[in-house]
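Colleague: I am new to this structure and would like to learn how to read some of its features. Could you take me through them, giving the general idea and then the case here?

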Amino acid sequence: MKKILSSVTDGKGFDIGLVLLPLAFLFVLSGLPLVYNVVMSFQEVDMFSLGSFARPFVGFKNYVDLFSQPETGPILFNTALFVSASIVGQFVIGFGLALFFWTNFPGASWLRGLFLVSWVMPGLVVGAIWNWILSGDFGVLNFFLREMAIINANIFWRSDPNYSLWAVIIANIWLGTSFNMILLSVGLSGIPKDLYEAAELDGATMLQRFFTITLPMMRSTIGAIVALGLIFTLQQFDLFAGITSGGPNNSSNVTQYWAWDLSFRQYDFAKGATISVIMIVFVMLASVVYVRSTRHEVRG
Amino acid sequence: MNEQIRNRLLLGVALVLAAIYLFPLYWMYVTALKTGSAMFATPPKFLPSDPQWSIYAHVWESRNMGRYLWNSLVIAVGAVSLIAVLGVGCAYVLARYRNVWVDVGLFLILMLQVLPASLMITPIFVGFSQIGLLETPRFAVVLAIAAKSMPFFVVLVRAAFMSVPMELEEAALVDGNSRIGAFFNIVLPLARNGILVSAILIFMQAFGEFVYSKSMIQAVELQPASVGLNTFMGPNTNEWNNIMAYATIYVTPVLAAFVLLQRRIVAGLTSGALK
Amino acid sequence: MGIRRRAMLGVIALASISLPALSVHAEDVTITVWSLDRDIQPAPNLINDFNKLDTGIKVEYRQIQFDDVVSEAMRAYSTGQAPDIIAVDNPEHALFSSRGAFLDLTDMIAASSVVKPENYFPGPLASVTWEGKLYGIPKATNTIALYYNKDMFKAKGLDPEKPPQTWAELVDAARKLTDPAANVYGLAFSAKANEEGTFQFLPWAQMAGGGYDNINAEGVVKALDIWKTIIDEKLASPDSLTRGQWDSTGTFNSGNAAMAISGPWELDRMMQEAKFDWGVALLPVPEIGAERSSAMGDFNWAVFSSTRHPEEAFKVLEYFVSQDKRMFKDFGQLPARSDIAIPSTGEPLKDAALKVFLEQLKYAKPRGPHPQWPKISKAIQDAIQAALTGQMSSKDALEQAAEKIKGVLG
């Protein structure tokens with residue numbers, strides 16, 4: 001008994017308790033709802049039977065139905081494009097800004113803080129503002145592009161099927177850049193300065209220092225940010241609702257908006273749940289990649 | 001090159017970048033002051049011709065914003081406290097070891113936050129209503145937000161703990177510290193900044209949480225500001241200028257507070273705490 | 001802790017149940033009402049007035065968002081927490097009444113001296129009816145018509161007192177009014193991929209002899225071809241595909257569109273912000289003499305079948321109905337009744353517009369009613385968008401929609 005007690009306060013038991021408690025909490029509050037969605041994807045769901053589990057099972061019928069719909073393929077492709085383009089854009093711009101502000105000129109820390117504006121603004125407002133910025137006629141983006149003579153006719157970012165997904169991607173890159181930048185800034189400032197001084201004495205160039213010191217030291221931060229960026233991007237909903245509503249003709253539709261549309265616009269909860277299961281599989285693959293990447297982390 | 005010129009140049013570039021990035025914020029400010037139709041005018045007007053300054057007082061009073069903001073604050077503080085209590089220890093352990101179980105833990109934590117809130121709300125609502133949690137709706141929202149944001153917090157804080165040298169903790173243990181003592185005296189202070197930044201990010205998200213609050217909190221006296229914002233949206237009418245004025249009142253102080261805080265956190269980080 | 005709390009709650013619940021039995025005066029019955037009305041709209045104000053009457057019924061109000069009405073309602077209903085009274089959008093009424101979630105009010109209405117079915121416009125009444133029974137009471141109604149900028153008509157040599165009457169005249173006028181150099185489009189409307197797109201398109205389909213159950217009729221193909229002409233020739237902004245009616249009409253108010261198709265909810269903003277002379281005309285028809293039609297919008301009241309106080313809930317509804325004559329004057333909404341004359345507002349522009357809208361309401365048809373309306377509507381939206389983006393011909397798109405709708409109608 002005493003041994004168990006001391007293990008809980010001072011040994012392995014202490015560690016296990018620290019992990020199990022939050023995991024149990026998460027299991028109840030996130031795991032069970034997830035299971036509910038998975039179960040629902042194998043059932044025939046009626047909007048008035050949401051309160052119980054007792055519903056007729058239909059096997060893979062929902063999956064078969066879903067994949068026989070003509071829009072499924074393009075929407076999955078849109079999702080993949082949206083997620084990868086957004087993450088690359090957010091990360092590259094975010095890292096660039098973080099490195100830029102890291103040079104620590106006077107005023108840098110003030111301005112860096114202001115970039116967090118995209119994290120603070122409510123989703124409804126961000127969606128509406130980007131809707132207007134990306135408007136074909138009165139949109140500010142077209143206005144600037146015209147003034148700078150980059151385009152000579154308005155681009156209908158939201159309503160041209162060739163651009164509509166990119167319209168949302170542009171807005172989403174704006175939205176996620178700040179999160180990337182601020183966390184990468186924290187990571188950068190955690191790297192001991194003497195490492196650089198030593199490398200400089202050894203005659204390493206700036207690029208060499210970046211690849212031999214900065215990147216390896218930032219490995220765990222970068223892994224975490226990309227993994228989280230993926231999940232945030234997959235959950236992005238407000239921008240679709242605010243800018244294109246998935247249109248025109250599904251050209252900017254993605255799984256998370258489609259699942260919502262099926263569940264809460266058409267009240268087809270089973271299909272909504274089926275799509276969410278597809279998303280779970282997608283994130284599962286990404287999670288495996290992240291978890292594997294942590295194996296190569298450098299402990300500071 | 002002279003240091004001063006270099007600094008001026010960098011500051012100039014920074015100002016341009018900030019101006020571009022902050023444009024949506026500026027557009028929010030300007031739209032609040034425009035009339036309802038002027039925001040749809042072609043070509044766009046960069047300054048309102050007839051600024052409607054009275055809108056702020058009107059929005060504040062008609063929506064009783066003080067109450068809404070207070071509720072947002074209560075929910076955000078509750079959620080961040082709960083996440084911090086549960087999440088810091090978890091992240092610490094996941095950073096301390098390197099084995100298969102850690103892989104499994106990380107994997108589970110990431111997987112559990114995959115679905116957007118709009119798909120999670122139905123099961124959570126059903127579950128909460130069955131155990132009577134909806135009687136205390138703000139607490140229910142705090143729990144739901146904590147579950148939603150904890151994985152985010154754990155993954156980031158774990159990265160912060162990774163930057164604390166293991167030898168420091170081991171040295172403290174050799175010196176006769178207990179595990180708990182070593183954690184609070186050595187490890188936690190060294191990872192402080194990463195934890196604080198993560199907590200602030202979580203706080204701001206919880207402050208603006210919308211999907212759970214609007215479904216679970218039915219009494220208007222208990223609703224947060226994000227729900228109040230949507231009371232300007234109608235079936236056929238959206239009062240965009242009021243929405244933007246409301247958002248201005250809500251965003252500006254939070255942003256200002258963050259600028260001040262992050263300056264101390266990020267900038268003060270390397271001041272020798274590590275060595 | 002949890003157990004103790006629950007026990008406490010049980011004690012309190014027991015006490016509150018036994019109290020009315022013990023006391024001489026009956027406790028107030030509490031009726032909860034959910035609707036999307038906000039401070040300046042009917043529900044919260046009428047409820048305040050009702051509570052002042054001290055009838056022994058206390059009404060509690062909760063505002064819900066337009067987008068969430070149905071999902072909130074069914075979530076609450078399936079967990080046994082539904083309100084007593086709710087306001088739902090008229091095309092979604094059948095979803096609930098067909099499933100027995102709403103209370104059949106037929107007998108109560110028959111016995112009522114306040115609610116009389118013959119007083120209502122046929123469209124709204126049809127939307128609360130399911131299999132011959134009344135499952136609700138229309139709350140208000142609206143429809144769409146054609147707004148036009150008289151000053152621009154004059155400037156382009158069109159007669160401002162002769163707005164376009166037919167589809168051909170509409171397209172013709174739009175061509176003359178469109179002026180890219182001045183940033184002016186001929187027309188503003190909404191073909192958005194949500195209910196608004198269906199709402200705007202169905203009247204065109206109905207005027208051409210089609211309908212949701214006959215969406216591939218020849219006339220409907222022609223109607224969609226006209227929409228396509230309007231978009232292809234840029235007589236309306238391409239952004240009409242992703243923009244709702246309110247934002248589209250905003251461009252009319254700001255002088256960037258010469259005509260706009262929208263409803264009476266625009267009137268107040270237009271009165272304040274449109275700096276030009278404007279008028280309202282009936283929706284153009286396919287050709288002179290063709291059947292008129294229009295969309296029918298707005299909400300209905302209904303009582304959930306789970307209510308424990310059906311009589312009291314109906315009394316509350318009767319009070320709402322008794323106040324219908326205030327609907328327009330105080331809240332700017334049109335009552336769904338033909339027996340109430342809309343009083344003059346003292347503003348000639350608005351009065352003239354209202355006359356047109358009241359005339360147009362006579363032709364307003366409900367969407368459905370059908371319990372799976374959202375799926376039918378989605379098929380129509382998909383067809384509109386596929387045709388307007390040029391990804392399918394109007395005919396193919398509507399054939400596909402007809403096929404999907406046939407699957408829903410069974």
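**Reading loops, cores and a helix**

Modeller: Let us start with a loop residue: Asn249(A) is found in the loop between α13 (238-244) and α14 (255-265) of chain A, where helices (H or I, at least four residues) and strands (E, at least two) are DSSP runs, numbered from the N terminus. This is a predicted model, in which local features need pLDDT of at least 70 and side-chain atom pairs count only at pLDDT 80 or more, while totals for chains, interfaces and linings use all residues. Residues are numbered from 1 along each chain as its sequence is written, and chains are lettered from A and ligands numbered from 1 in the order in which they are written.

Colleague: What is the phi of Asn249(A), and is that residue buried or exposed?

Modeller: Its phi is near 50°, a positive value in a residue other than glycine. A residue is buried if 20 or more other C-beta atoms, placed from the backbone, lie within 10 Å of its own, exposed if 12 or fewer, and partly exposed in between. Asn249(A) is buried, because 26 other C-beta atoms lie within 10 Å. Asp54(C), in the loop between α2 (42-52) and β2 (57-63) of chain C, also has a positive phi, near 60°, but Asp54(C) is exposed, because 9 other C-beta atoms lie within 10 Å.

Colleague: Which residues are joined by a cis peptide bond?

Modeller: One such bond joins Thr42(B) and Pro43(B), with omega about -10°, and Pro43(B) is found in the loop between α2 (23-33) and α3 (55-62) of chain B. Another joins Gly368(C) and Pro369(C), with omega about -5°, and Pro369(C) lies in the loop between β13 (364-365) and α16 (373-388) of chain C.

Colleague: Which residues touch the most other members of the largest nonpolar core?

Modeller: A nonpolar core is a set of buried Ala, Val, Leu, Ile, Met, Phe, Trp, Tyr and Cys residues joined through C-beta atoms within 7 Å. The largest has 174 residues, of which Val125(A), Ala79(B), Ile83(B), Phe161(B) and Ala247(B) touch the most other members. Helix α7 (residues 137-162) of chain B gives this core its largest share, 19 residues. A second, separate core of 137 residues includes Ala208(C), Ile215(C), Trp373(C) and Ala383(C).

Colleague: How far apart are the end C-alpha atoms of helix α10 of chain B?

Modeller: They are 22 Å apart, which agrees with the 22 Å that the 16 residues of α10 (residues 192-207) should span at 1.5 Å a residue, since the expected span is 1.5 Å times one less than the number of residues. Among the buried residues of α10(B) are Leu201(B), Ile202(B) and Phe203(B).
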